[in-house]
Amino acid sequence: MRLIHSTCSLAAIAACFIAAPALAQDAPAATPEAPAQTTAESTVGVDEIIVTAQRRSENLQDIPLSVATVSDQTLDAINAGGSDVRALSGRVPSLNIESSFGRTFPRFYIRGLGNTDFDLNASQPVSFIYDDVVLENPILKGFPAFDIDRVEVLRGPQGTLFGRNTPAGIVKLDPVKPGRGDNYAKLSFGSYSTINAEAAIGHRINDKVAFRVSGMWQHRNDWVDNIDRTGSNNNEGYDDFAFRGQLLFEPSDALTIRLTGQLRDYKGDARIFRANAIKPGTNDLIGVDGGDFERDEIRADGINFQRLTTENAAAALSYDFGPLTLYSITSYWHGKLKSRGDIDGGFGCSFCGPGFSDNSEPGFIPFAAQSQDNIPSLDQFTQEVRIASNNKGGLGYQAGIFYFNEKLDIESFDFGAPTATTPSAIVNQRQDSKALGLFGSLNYAFDFGLRLQAGARWNHDKKKLVADRMVDLRPGFIGGGPVPESTTKVKDSVLTWDFSALQKISPDVNVYARIAKGYRAPAIQGRILFDRNVTTADSENTMSYEAGIKTVLFDRKLRFNLTGYYFRTKDLQLSAVGGGANANLLLNADAVTGHGFEAELQARPLTGLNLTAGLSYNRTRIRDKGLTVETCGAPCTVLDPIFAPAAPFQPAIVFIDGNQLPQSPKWIFNFTAGYEHPVGPGSLYVFTDWYHRSKVQFFLYRSVEFSDDRLLEGGLRVGYKTDRFDIAAFGRNITNDESAVSGIDFNNLTAMVNEPRIWGVEFGVKF
């Protein structure tokens with residue numbers, strides 16, 4: 001639920017903004033290695049938005065895809081408050097992001113399709129592409145967004161050019177390359193000693209060699225007060241450091257070689273779980289004393305910490321043969337994680353003491369739950385070789401081969417007491433994944449304004465998982481003692497494809513239609529910490545149909561794009577998480593359907609004024625009359641039809657046919673407004689950005705408590721800048737919205753909440 005309510009009506013939204021953000025980088029022209037240069041805020045009228053959604057630089061208006069981008073101003077505003085990649089949630093229509101791990105494990109949802117799986121080998125239908133490399137494992141998807149040239153969100157299946165696990169779409173981040181962009185440094189300081197320090201330095205040594213180094217450090221003090229102070233005092237503080245170094249060689253006019261090294265070092269806490277923070281019979285947040293909710297207070301007795309390191313080495317080569325260019329991208333990522341949390345989120349437990357006395361706070365907590373998940377080693381290697389035609393008209397083409405290899409070790413521990421260091425159960429998982437893709441795409445531009453495009457990709461995937469439970473000192477709680485080692489294998493080969501047409505009605509109006517088949521590879525779930533069985537899910541296949549119009553109106557003062565879509569996914573992979581045993585089980589629904597629209601707008605009607613807005617509607621529905629799931633182990637109010645009623649120590653089982661997918665809001669609305677006025681050698685400016693999402697359910701089943709009615713977060717930035725200097729005061733979540741964003745249902749009415757309000761100042765310099 002949300003304590004701060006929006007006063008905007010849909011009619012007012014439509015009247016004021018019509019729809020969605022261009023959320024963009026406005027640029028005259030660009031190459032695949034060049035940034036989209038932002039036009040000065042003093043300009044009247046919108047300029048082209050250059051994107052690389054189709055692996056080449058193109059005007060956003062000229063591609064038959066539903067694509068949105070995030071502006072430099074919005075990204076700068078988000079980073080100033082110490083936010084991570086989750087803060088991109090809602091900044092474009094149809095995009096939602098949340099996490100039960102915090103900064104290290106984001107979960108992405110586009111058009112309602114996503115995955116609530118909390119295990120460290122979770123498969124997601126939204127792919128995260130960083131510098132043209134897919135980051136498959138969840139702990140890689142949280143790599144910080146700094147020194148970024150462009151952020152693009154591609155909605156709908158993107159299998160032809162980006163491969164498997166993209167049936168919902170992709171989030172794509174491209175860093176600034178050597179020889180491009182400004183040298184800069186900026187430092188912000190805000191509430192809770194929040195610090196964001198970011199800098200980048202690049203230089204062209206000669207006409208053949210250039211480099212660029214950049215880094216970010218984000219810090220926040222521990223700010224959530226554990227009023228019992230019996231466990232960890234490390235509450236919501238963090239130090240997050242990331243670095244990137246790039247070296248560019250251009251030994252000839254035809255050959256380009258770019259070498260990249262990246263790393264991240266995160267030290268902080270795991271997600272804070274808040275025991276009984278939801279008032280029974282409602283979805284209102286309540287405080288630890290049963291009164292008003294206080295975001296900076298908890299009662300907890302467990303150990304809480306998180307440590308993450310990731311490293312990357314990559315080489316990108318291109319050779320221009322004239323009619324075509326050959327591209328090669330080689331990348332290796334390595335990662336390690338340790339994460340321990342107080343899962344019950346409270347102090348004590350009612351069934352722990354003699355006579356099962358009620359000694360828990362806040363509220364009724366039946367048993368203690370503490371667990372830890374580690375990744376001792378993650379190794380991901382990818383190789384892509386691709387050719388692309390260089391001609392501007394007529395027949396264009398791309399073709400290539402992609403190889404993926406991942407080796408992942410996972411350790412999961414259960415602890416019988418809040419501060420125990422000897423685990424009561426240990427689960428080991430070893431997963432090996434391999435994928436091969438062959439792809440090609442053709443497009444043809446006719447003289448009368450019609451452009452046709454078609455592509456296909458053959459995907460071959462296979463996984464092997466070895467799992468065992470070594471010890472079990474709580475067999476009554478965990479479930480049946482040790483589990484011997486077992487090996488599970490899955491594989492599949494699938495052809496995905498797309499076909500689209502774009503017709504130029506006038507120089508400023510295009511219409512398009514697209515049909516695409518997407519695919520998510522089969523998955524294995526080996527988290528047998530609280531369950532004995534490894535589960536699998538078959539491949540899912542999505543057929544998507546969309547059509548839209550892209551316009552630039554009123555003498556180029558306004559850009560307005562609108563897309564409508566329908567999709568049907570067969571054998572949708574779902575994760576049944578939580579329940580009485582806190583299980584994490586994979587299953588396939590017969591089908592899921594979805595339909596909706598995305599509208600995006602940018603306007604520059606006056607000198608110095610820049611407006612963007614965004615609106616999306618998404619309606620998803622599970623189509624499987626016989627599909628049932630276990631509901632909450634905590635005492636929640638279930639709204640679905642009952643298959644098997646609750647019994648002692650056994651939650652109810654319900655049908656979920658017809659339900660909206662979890663973490664899938666029907667409505668997302670966002671807008672930004674910026675105004676700049678010349679004063680002296682520089683300009684005074686003000687910038688505000690807002691994001692609203694409607695109701696979400698946290699689980700596959702519907703309940704009163706495990707939901708949130710709405711969320712509204714806004715930011716404000718006021719400053720003065722010259723060609724070199726920028727000083728500003730800012731606020732994030734300025735209305736202090738307090739909303740649950742996720743929950744844990746197996747023990748008590750546990751909630752996770754959104755980020756706090758932050759006030760601060762920032763100083764930046766270009767050199």
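Analyst: Arginine 527 and aspartate 119 form a salt bridge whose closest N and O atoms are 3.5 Å apart; a salt bridge here is a side-chain nitrogen of Lys or Arg within 4 Å of a carboxyl oxygen of Asp or Glu. Arginine 527 sits in the loop between β26 (523-525) and β27 (535-537), and aspartate 119 in the loop between β6 (107-110) and β7 (126-130), so the pair ties together parts that are 408 residues apart in sequence. Both arginine 527 and aspartate 119 are buried, where buried means under 20% relative accessible area, exposed over 50%, and partly exposed in between (1.4 Å probe, protein chains only). The element names follow DSSP runs, numbered from the N terminus: helices are H or I with at least four residues, strands are E with at least two.

The model is predicted, so local features need pLDDT of at least 70 and side-chain atom pairs count only at pLDDT 80 or more, while totals for chains, interfaces and linings use all residues. Residues are numbered from 1 along each chain as its sequence is written, and side-chain values use heavy atoms, with hydrogens and water left out.

Over the whole structure, a search finds 41 salt bridges. One of them joins the side chains of glutamate 152 and arginine 150, at 3.7 Å from N to O. Glutamate 152 is buried at a relative accessible area of 0%, and arginine 150 is buried as well, at 2%. Another links aspartate 174 with lysine 172, at 2.8 Å from N to O. Aspartate 174 counts as buried at 4% relative accessibility, and lysine 172 is buried at 1%. Elsewhere, salt bridges that share partners connect Asp84, Arg86, Arg103, Arg220, Asp240, Arg264 and Glu755 into one network.

Next, the strands. An open sheet of five strands runs in the order β4-β9-β10-β7-β8, with mixed pairing; two strands pair if DSSP finds at least two bridges between them. At its edges stand β4 (66-70) and β8 (133-134), each of which pairs on one side only. β4 is joined to strand β9 (residues 148-155) by five bridges, and the two run antiparallel. Within that pairing, valine 70 stands opposite valine 151 in β9.

Helix α2 covers residues 72-80, and its buried residues include Thr74, Leu75, Ala77, Ile78, Asn79 and Ala80. After α2 comes glycine 82, with a positive phi near 80°.

Strand β13 (residues 209-220) has nine of its 12 residues buried, so the rest of the structure largely encloses it. Strand β12 (residues 194-204) runs antiparallel to β13 and is joined to it by 10 bridges, with arginine 204 opposite alanine 210. β12 and β13 make a hairpin with four residues between them. β13 also pairs with strand β15 (residues 238-249), in the antiparallel sense over 12 bridges. In that pairing, histidine 219 has aspartate 239 of β15 as its bridge partner.

A further open sheet has three strands in the order β32-β34-β33, with antiparallel pairing. β32 (628-630) and β33 (642-644) are its edges, each with a single partner strand, so one side of each has no neighbour in the sheet. From one strand to the next, the twist averages 35°; axes are lines fitted to C-alpha atoms, for helices over the stretch in contact, and angles run from 0 to 180 degrees between N-to-C directions. Three bridges connect β32 with strand β34 (residues 653-655), and these two run antiparallel. Glutamate 630 faces isoleucine 653 of β34.

The surface has a nonpolar patch made of Tyr319, Phe321, Leu326, Tyr332, Phe381, Val385, Ile401, Tyr403, Leu436, Leu438, Trp458 and Leu495, with about 990 Å² of accessible area together. Patches consist of residues with over 30% relative accessible area and no salt bridge, like charges being joined within 9 Å and nonpolar side chains (Val, Leu, Ile, Met, Phe, Trp, Tyr) within 5 Å. Accessible areas come from the Shrake-Rupley method with a 1.4 Å probe, and for residues only the protein chains shown count as cover. β19 (324-342), β20 (370-389), β21 (394-415) and β22 (425-445) are the elements that give two or more residues to the nonpolar patch. Tyrosine 319 belongs to strand β18 (residues 305-320) and is partly exposed, at a relative accessible area of 34%.
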